[in-house]
Amino acid sequence: MVKKPVQNTGAKVWFVGAGPGDPELITVKGHRLVQEADVLIYAGSLVNPVLVAESGAAKKLDSWGMHLDEMVDTMVQHAAAGEKVVRLHSGDPSLYGAIVEQIEKLEERGIEVEVVPGVSSLFAAAAALKTQLTLRGVSESVIVTRPAGKTLKEDQIAEFSRLNSTMVVFLGTEKLGEITAKLACPPDTPAAVVYHASWPDQKIVRGTVSDIATKAKDAGIEHTALLLVGGVVGDVKKGHVKSYLYS
Ligand SMILES: C[S@@+](CC[C@H](N)C(=O)[O-])C[C@H]1O[C@@H](n2cnc3c(N)ncnc32)[C@H](O)[C@@H]1O
């Protein structure tokens, strides 16, 4: 849990969701903060340089390769000097964004924090596929997850795939074969991989659980993609019942 500030110094840091890539997919508030920033710390390759450039005169720092303490020290130093410090995270900061560890350290040092949400790549991928993640008669739930790797010992991909829900897998582009091998849903379950959703070089690959990893590899997709699994990403959305909304 996020701890209460020890003693508020009056200094503040803003964590802002930059959106999935298209620089127009940031909130109005996030955009204003980027423009007003004196110091902008952004998450390297995942944030569009066009958006970073919009911060004009701000001192710009790429967080890639920066250690947590170094980053926090930088934020504290500038915020305490009365400068507006904006920390840009890709997509929405609440998904695989590692903001809590930064917030805890800032609050321990008396710095106030505000989080401004963003458009996650999850939503940009759904938009690219022109589908809904929840669709009456097809799926009422969405599971957001990631595969095991350097920073996660075990994943729950097999268990989740038995729940007949839409599944969205982050951080797994380079191991799509391993991920799909774990899926316990029928092999003809629709699946899609969306690379660089909302960027000009966005790529969409559609298939099934049995062939999506090969198709994505053949399309040259090796990083920054999402795997979506479930009836909602199929061409024919089997079982879809029209919503009551417009009846
Ligand atoms: C550290 S996570 C950050 C996720 C981010 N907070 C979000 O809400 O989109 C990075 C992973 O998100 C996914 N990702 C980020 N931007 C993406 C995009 N534009 N298109 C597809 N996947 C993306 C990829 O799986 C990537 O490995």
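Student: Which residues lie nearest the centre of the second largest pocket?
Tutor: The model is predicted, with local features needing pLDDT of at least 70 and side-chain atom pairs pLDDT 80 or more, while totals for chains, interfaces and linings use all residues. Residues are numbered from 1 along each chain as its sequence is written, and side-chain values use heavy atoms, without hydrogens or water. A pocket is an open set of 1 Å grid points over the protein atoms alone where a 1.4 Å probe fits, with protein on both sides within 12 Å along at least five of seven lines, and lining residues have an atom within 4 Å of a point. Of the 23 residues lining the second largest pocket, those nearest its centre are N164, T189, P190, G230 and G231.

Student: Which elements give two or more residues to that lining?
Tutor: The lining of the second largest pocket has 9 nonpolar, 11 polar and 3 charged residues. Among the elements, two or more of its residues come from each of β7 (166-169) and β9 (203-208).

Student: How many residues line the largest pocket?
Tutor: The largest pocket holds about 1500 Å³ of space. Closest to its centre are A43, L46, S90, Y96 and L171, and the residues that line this pocket number 47.

Student: Which elements give two or more residues to the lining of the largest pocket?
Tutor: By class, this lining divides into 19 nonpolar, 20 polar and 8 charged residues. The elements that each supply two or more of them are α3 (68-80), β4 (85-89), α4 (100-108) and β10 (225-229).

Definitions and conventions: Grid points are joined across faces, edges and corners, and a volume is the space filled by probe spheres set on the points. Helices (H or I, at least four residues) and strands (E, at least two) are DSSP runs, numbered from the N terminus. Ala, Val, Leu, Ile, Met, Phe, Trp, Tyr, Cys and Pro count as nonpolar, Asp, Glu, Lys and Arg as charged, and the others, Gly among them, as polar.
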